Amino acid sequence: MKGLGKAVVKAKVPILIIAILLLVPSAIGFFKTRVNYDVLTYLPKDIETMKGQDILVDEFGTGAFSFFITEGMEDKDVAALKKEIAKVDHVKKVIWYDSVADLSVPEELLPEKYREIFRNGDATMMAIIYDSTISADETMEAVKEIRKLGNERCYLSGMTAVVLDTKNLSDGEVPIYVGIAVGLSLIVLSISMDSFLIPVFFLLSIGMAIIYNLGSNVIRGEISYITLALAAVLQLAVTMDYSIFLWHSYCHEKRKGTDKNTAMANAINSTLSSVVGSSITTVAGFIALCFMSFTLGLDLGIVMAKGVVIGVICCVTVLPSMILIFDKAITKTSHRPLLPSFKKVSGFIVDKYYIFLILFLLILFPAFYGYRHTDVYYNLDSSLPDSLPSITANKKLDEKFEMNSTHIVLIDKELDKKTVKQLAGDIEKLDGVKKVIGLDTLVGSSVPLELIPDDIKDVVTSDNYQLLMIMSEYKVASDEVNNQCNEINKLIKKADPEAMLVGEAPCTKDLIDTTAVDFRNVSIISIAVIAVIIAVVFKSASIPVLLVSAIEFAIFINLGIPHYTGTVLPFVASIVIGTIQLGSTVDYAILLTNNYKDKRMAGVDKKTSVRIALEKSITSIVVSGLTFFAATFGVGLYSKIDMISSLCTLMARGAIISMFTVILVVPAFLMLFDKLVVYSTFGFGELRHKGNASAHLIRN
């Protein structure tokens, strides 16, 4: 390991050249990595709703549908528009009431069930069925083309339209996220560092690591848009510490009088030994996300864990090469750090530690209560601006046809017509069910199958299944629609034990059930793994409990605040934020505690040890916390996608809360539990025998 520093210094020019060349395949990999904008596809593949989606594709040749609403158009124009829509690639069928009745038939002579389904006043509605899945590129292209065919009084609703709008919005915002994160981080680093130029090299090195990370995702084939939006910002935030540590170590070595090459070789070796231990907890936090059955966690966890490892590698290879090659330019831009000295602050915190213990106890219960009672939402539409075409269309669908969600029932094709008709009737009686559409409900059970129009027959029957489409007044993810799904499931299982209920609302209900379990599991796993790592690093039974407790306290505050402000969080935030905050900011507490342990094991009394540890660590903690805050806060303010905005806002606030918790609460814990730490940590044997007699203490 010691030879690494010398090897990097010797090969600094080739390393930088190779690093630049590697950007080309990484960029190609990045552009070839597909982005998935449909989070429902990350549900477990073995649940019934996902199996039903596969059956729709395999048996019916479709996995997606939309409702197209027109206002103020004559029937002949709607019929012409229908024909144009039917010609769009990957549109399988377009169903309107001319599919079941000739337009020459006066509207008032049409059965009421047709009029209710397809018309309301001057508004008409047609169903568009695609031959590909909801988030398939082909389906999104079809939606683009259909939108072009309509005018300003035409509205296309459905999940694919929502996914497409999410894609357009996200693709436009992601580059701006990076710009905001870089700009604000540069401001913080310029204030806190002793050179105006060194932050630029920090960001260049980390930028390369981010490109390598995103480019390597091509191996996985695709990543979630949430992962793509967060990856660069989050990797910048959690790996900046490593660059700062290398620079401080390099400057420290140079002050000893050694030449720059020797100083850098020593700094690389020192950084690697320190950063590896620090990065393990961050990696562990992201790996914990991989244990989610909702595999969005796996997606984010793998990408970010990989990003941290790549960040460490770049920190001890690419960054040192840049610093050595541009050493003269960096030296010319040197200045005194603008951050004040925290010596007096450290002394006050340690002297008045009991105040912070009291504050800890006073805040703990309301923070935990808020943490447990913060509301979350699961309706994916809610994370998007109301001005988007898909959101406008969904509102129009509700306004004109009282439809907020559509469920599909898959039942045995051989089930007798009487049972199917009875089932449809029973479902229609349920609260919130507006209409049930199926083969028998449209044409009547007395009509022979061979006389049924192919447009209808192909849509609702396959070799093994027939389907019922249920139009519901209830919004997706609401308690009402979840209860409705439960009641429908009871009815269909009674008629056909193998029947399945699929659609956005049933999938979202499964999402709620799945993530509730994931939240508990991920929290337990992340706490356990990180605690074990800390226990091994410190060879202590008590230190992991103290440090994890402090950061969990910060997490309670962070995730509890929305309860008291009346803010409803996207469901993803409640699952991943605690794990990310724990893994990313427990390093602050580890740094402080490590400095305390060094002094304490040297025989220094507890108060002096805590004071010196805090004084030595506080600047690094503040710089790290502010950099994390800067990299995420601006994105949280800017993003119009609430899923991204909320995650970044919570991460930014969490970094600051963790920073203050470590500075104020951890020293108080060490003061209060010093004796416990001494007696439960390996290496304090001699100190236990000597006790705390001041005559035996070595003061700094």
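Me: How do β10 and β11 pair, and over how many bridges?
Reply: In this predicted model, β10 and strand β11 (residues 465-472) pair in the antiparallel sense over four bridges. Two strands count as paired if DSSP finds at least two bridges between them; strands (E, at least two residues) and helices (H or I, at least four) are DSSP runs, numbered from the N terminus.

Me: Which residue stands opposite V433?
Reply: S472 in β11 stands opposite V433.

Me: What is the strand order of the open sheet?
Reply: The order is β10-β11-β9-β12, four strands with antiparallel pairing. β10 (433-437) and β12 (500-503) have a single partner strand each, so one side of each lacks a neighbour in the sheet.

Me: Which strands does helix α21 touch?
Reply: Helix α21 (residues 479-495) touches β9, β10, β11 and β12 (contact: heavy atoms within 4.5 Å). Its direction makes about 15° with that of β9; axes are lines fitted to C-alpha atoms, for helices over the stretch in contact, and angles run from 0 to 180 degrees between N-to-C directions.

Me: Changing topic: how many disulfides are there?
Reply: The search of the whole structure finds zero (a disulfide being a pair of cysteine sulfur atoms within 2.5 Å). For C314, the nearest cysteine sulfur, that of C315, is 8.9 Å away.

Me: Is C314 buried or exposed?
Reply: C314 is buried, with a relative accessible area of 4%. Buried means under 20%, exposed over 50%, partly exposed in between (1.4 Å probe, protein chains only).

Me: What conventions apply?
Reply: Residues are numbered from 1 along each chain as its sequence is written, and side-chain values use heavy atoms, leaving out hydrogens and water. Local features need pLDDT of at least 70 and side-chain atom pairs count only at pLDDT 80 or more, while totals for chains, interfaces and linings use all residues.
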